[in-house]
Each structure stands twice: as C-alpha cells, then as structure tokens.
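I opened this entry to record how the secondary-structure elements of the chain are arranged. I began with strand pairing and then turned to helix packing and the core.

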Amino acid sequence: MIEQENPLTEAVYYILLTLRKPNHGYGIIQEVEQLTGGRVVLGAGTLYGAIQTLLKKGWIDIYSIDTESRKKKEYVISDLGKKVFEIERQRLEELLRNADLMKEGEEKDD
C-alpha cells in the first residue's frame, strides 16, 4: 500500500518532478527555481531534509555517489515515488477541473 500524504507540499512535489532523471541537490534547486520562474526557491536545509524523508519513505533512491567530488550524490525517483506523484498529479487536475466547472456555471448565470 502506498503511504500517501495528500496533499504533497509544493517542495516535495517539485523535488519528485525534477527527479524523473538523476539529479544532485544543487541541480534540483536550480531546476525548481527555473520551472517556477523563481517563485519557489528551495533552501539547502529544506531540500536535504526533504531528501532524507523521501529516501526513508522509498519515494526516491540514490542513483550514484561521486566519491571524487565531495561525495556528491545523485538521486532519482523510485517506482513508488512515481505512483505517489501520479496520485498527486491526478488530485491537482481534479481541483482544476472542478474550478473550471464552477467558473463555467457562474458565467452561465450572468
């Protein structure tokens, strides 16, 4: 059974999104900032705390460790993490669909 915590925090959502391909911590920070146009900036403490939690839950895996450059680790989303991410993506799509339905209903009432 998937240990699901809905809703995911925005930070966790973006970390999982950026780990569809192997990435290291600084790369995650840069990619999240780029994806959000600078609206979301992950601090190192937030990122590495989340990474530890995601590793414990089995939502991400260590992909590689570069022992020659300060033991830089690359992480990647696990199969379980992909399932959790997809559940959250579907939940968010439902929210948007329902908002659109309500908006259409309001426009017809005008």
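**Sheet**

I note that the model is a predicted one. Within strand 3, I found Tyr-75 standing opposite Asn-23.

I then examined strand 2, residues 60–66, which pairs with strand 3 in the antiparallel sense over 6 bridges. Here I looked up the bridge partner of Ile-60 and found Ile-77 in strand 3.

I traced the complete sheet next: it is open, has 3 strands in the order 1-3-2, and its pairing is antiparallel. Strand 1 and strand 2 are the edge strands, each pairing on one side only.

I also checked what lies across the sheet. Helix 3 lies across strand 2 and strand 3, and it runs at about 115° to strand 2.

**Helix 1 against helix 3**

I recorded an angle of about 70° for the packing of helix 1 and helix 3, with the axes 11 Å apart. Angles of 65 to 115 degrees count as roughly perpendicular, and helix 1 and helix 3 are therefore roughly perpendicular to each other.

I listed the residues at this contact: helix 1 contributes Ala-11, Val-12, Ile-15 and Leu-16, which meet Thr-46, Leu-47, Ala-50 and Leu-54 of helix 3.

**Helix 2**

I checked burial in helix 2, residues 25–35, and found Gly-25, Gly-27, Ile-28, Ile-29 and Val-32 buried. I then asked what covers the buried residues of helix 2. The cover includes helix 1 (10–18), strand 1 (23–24), helix 3 (44–57) and strand 3 (72–77).

I inspected the backbone just after helix 2, where Gly-37 takes a positive phi of about 60°.

**Nonpolar core**

I looked up the largest nonpolar core, which has 23 residues. Ile-15, Leu-16, Ile-28 and Leu-42 have the most contacts inside this core. Two or more residues each come from helix 1, helix 2, helix 3, strand 3 and helix 4 (79–109). Helix 1 gives the largest share, 6 residues.

I finally followed Ile-15 beyond its neighbours within four places in sequence. With those left aside, Ile-15 is in contact with Ile-28, Leu-42, Leu-47, Ala-50 and Leu-54. Of these partners, I had already noted Leu-47, Ala-50 and Leu-54 on the helix 3 side of the contact with helix 1, and Ile-28 among the buried residues of helix 2.

Technical notes. Residues are numbered from 1 along each chain as its sequence is written. This is a predicted model: local features need pLDDT of at least 70, side-chain atom pairs count only at pLDDT 80 or more; totals for chains, interfaces and linings use all residues. Side-chain values use heavy atoms; hydrogens and water are left out. Buried means under 20% relative accessible area, exposed over 50%, partly exposed in between (1.4 Å probe, protein chains only). Helices (H or I, at least four residues) and strands (E, at least two) are DSSP runs, numbered from the N terminus. Contact means heavy atoms within 4.5 Å. Axes are lines fitted to C-alpha atoms, for helices over the stretch in contact, and angles run from 0 to 180 degrees between N-to-C directions. Angles under 35 degrees count as roughly parallel, over 145 as roughly antiparallel, 65 to 115 as roughly perpendicular and the rest as oblique. Two strands pair if DSSP finds at least two bridges between them. A nonpolar core is a set of buried Ala, Val, Leu, Ile, Met, Phe, Trp, Tyr and Cys residues joined through side-chain atoms within 4.5 Å.
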